[in-house]
Amino acid sequence: MENLLILRPACAGTATENWRFIPGYTDYMVSDQGRVMSLKQRTQRILSAGTDTKGYLFVVLWDQGIYALHRVHRLVGKAFLPNPHNLPQMNHLNGVRGDNRVENLEWCDAWTNMRHALQYGLLVGKPHRCSTVSADGRERHYPSAAALARAEGLAYNKVLRQINHPERVRNPYPQIKL
């Protein structure tokens, strides 16, 4: 395994971490514990990771005047995990998106990733409780947008759009009460 460093830089934690250069970047390294280090200045510096809207950690890397956002789990996977089948996605085995240790990651395809999420209850969506008002003024309540669309014979995607982004709907269903 090339470019493997086992070191304890001054900015690293108390435990020994394995560090490798990030493919495509000569001034950045990633550890098997999911931390990213910059070598750009005279001193080594661990980068602070942000959290995106889906809960994944990301860092911004700079090279030749171009800034690029990278999810940390993908950097760890590219540096430490072989991908002989060229699988496109990374799976967090324990389901915690912020746990980017190499032993918690695996390459997978979309089907396997979705099956894992369903099996461990990682897909949690809130039902959109909604109701309709008939022409005579009576209200009918539904537990979800899907139930409303089925019962009223409406297009599900348009019902969701009207609930989530009413300003984007040109011809809204007049019977839906938000």
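Predicted model: local features only at pLDDT ≥ 70, side-chain atom pairs only at ≥ 80, totals over all residues.

Of the 178 residues of the protein, 34% count as buried, and if you switch to a cartoon display, the secondary structure comes to 4 helices and 13 strands. Among the contacts in the protein with a separation of 6 or more, 29% are between residues 24 or more positions apart.

Next, select residues 72-80, which make up helix H1. How many of the residues of H1 are buried? The helix is mostly covered, with 7 of its 9 residues buried, and these are Val72, His73, Leu75, Val76, Gly77, Ala79 and Phe80.

Is Asn94 buried, partly exposed or exposed? Its relative accessible area is 41%, and because this value lies between the cut-offs of 20% and 50%, Asn94 counts as partly exposed. Show the side chain of Asn94, and you can follow it to the backbone nitrogen of Val96, which it reaches at 2.9 Å. Leaving aside residues up to four places away in sequence, Asn94 touches Asp99, Arg101 and Asn104. If you then pick the C-alpha atoms of Asn94 and Leu105, which are 11 residues apart along the chain, you will find them separated by 8.7 Å.

For the next stop, select strands S11, S12 and S13, which form an open sheet in the order S12-S11-S13 with antiparallel pairing. Strand S12 (139-142) and strand S13 (176-177) stand at the edges and each have a single partner strand, so one side of each is left without a neighbour in the sheet. Strand S11 (residues 130-133) is joined to S12 by 4 bridges, and within this pair Thr132 stands opposite Arg140 in S12.

Finally, select two cysteines, Cys108 and Cys130. Cys108 is buried, with a relative accessible area of 3%, and Cys130 also counts as buried, at 6% relative accessibility. How many disulfides does the structure hold? The structure holds 0 disulfides, a disulfide being a covalent bond between the sulfur atoms of two cysteines.

Methods: Residues numbered from 1 in each chain as written. Heavy atoms only, no water. Pairing = 2+ DSSP bridges. Helix = DSSP H or I, 4+ residues; strand = E, 2+ residues; numbered from the N terminus. Disulfide = S-S within 2.5 Å. Buried < 20%, exposed > 50% of the residue type's maximum accessible area, 1.4 Å probe, protein only. Contact = heavy atoms within 4.5 Å. Polar contact = N/O pair within 3.5 Å; in protein donor to acceptor, adjacent residues only side chain to side chain.
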